[in-house]
Amino acid sequence: MAAPPQEIKKNKMFGGFNRRYRHESSSCGCPMTFTIYFPPAAESKKVPILYWLSGLTCTDENFIQKSGAQRAASAHGVALVVPDTSPRGLNVEGATESWDFGEGAGFYLNATQEKWKNWRMYDYVTKELPSLLDSHFKQLDTSRASVFGHSMGGHGALVVFLKNPGKYKSVSVFAPIANPSESKVGQKAFKGYLGEDRSLWEEYDATVLVKKYKGPKTTILIDQGDEDEFYHEKVLLPENFVEACKSGGMPVNFRLQPGYDHSYFFIATFVDDHIEHHIKSLQA
């Protein structure tokens, strides 16, 4: 069993606690941080988990500090689990030179290029972190888990849901990078981490994966602001994913929200809707 994670910060909120932890990651080969919001219900019973995957440049703290999601999580008795977005502090050349690649930009994949061998956020999120939670946090019911995320993390949430049928009860996303193989930001990341072989890219492209998905069907909730600069620059391409859902028979609720941008102001406005979307599946 892995060593227990070390608590490095605690703040009470809406009757529960935000608790931040550090541990040695076998997937990423370096110390990693994550934050859990434990609702008050966790003091007396096992509670379900809602994983949040954050976007480019974020750590595990952005969502915890800016979203206000703890109010609804407290009311519904669900824990929020928020990992960091990449390995850090490994002194890999080029890892801190741009906002959309390297540190803070793990893209929730397992890199195949030797230089980026520590960038194994897919394994970290889908295997190592759930195992760690199961071993050291008995108040969490890891068998009842759902996933949501934003931008790069929206990409990650869709990918981990589609590649692991039945592991997550539901999925929702804010402004996801939904077709990264066709997006300049996604192409930069995929080429850097995975090389030139586009068949490897397709293993982490939700628009490709949803067409082949054979698992339980559940409605995917997508919120997208129509004043989002990345939406207008064709970085996100959510309509491509929506069309792929239709061809693959996956129910999708795509909401284009007028006047909203890509920021946490947008996320905070609709996060309660997303938690209610997941609670229906987690409590079924």
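This is a predicted model: local features need pLDDT of at least 70, side-chain atom pairs count only at pLDDT 80 or more; totals for chains, interfaces and linings use all residues.
Local features were taken at pLDDT of at least 70 and side-chain atom pairs at pLDDT 80 or more, whereas totals for chains, interfaces and linings use all residues. Residues are numbered from 1 along each chain as its sequence is written, and side-chain values use heavy atoms, without hydrogens and water.

The protein chain contains 10 helices and nine strands (DSSP runs of H or I with at least four residues, and of E with at least two, numbered from the N terminus). Its radius of gyration, taken over C-alpha atoms, is 17 Å, close to the 19 Å given for 284 residues by the globule rule (2.2 Å times the number of residues to the power 0.38), so the chain is as compact as a globular protein of that length. The C-alpha trace spans about 50 × 40 × 35 Å along its principal axes. Of the 284 residues, 58% are buried (under 20% relative accessible area, with a 1.4 Å probe and protein chains only). Among contacts (heavy atoms within 4.5 Å) with a separation of 6 or more, 71% join residues 24 or more positions apart.

Asp-272 is located in helix 10, which covers residues 264–282. Because its relative accessibility is 31%, Asp-272 is classed as partly exposed (between the 20% limit for buried and the 50% limit for exposed). The C-alpha atom of Asp-272 is separated by 18 Å from that of Ala-284, 12 residues apart along the chain.
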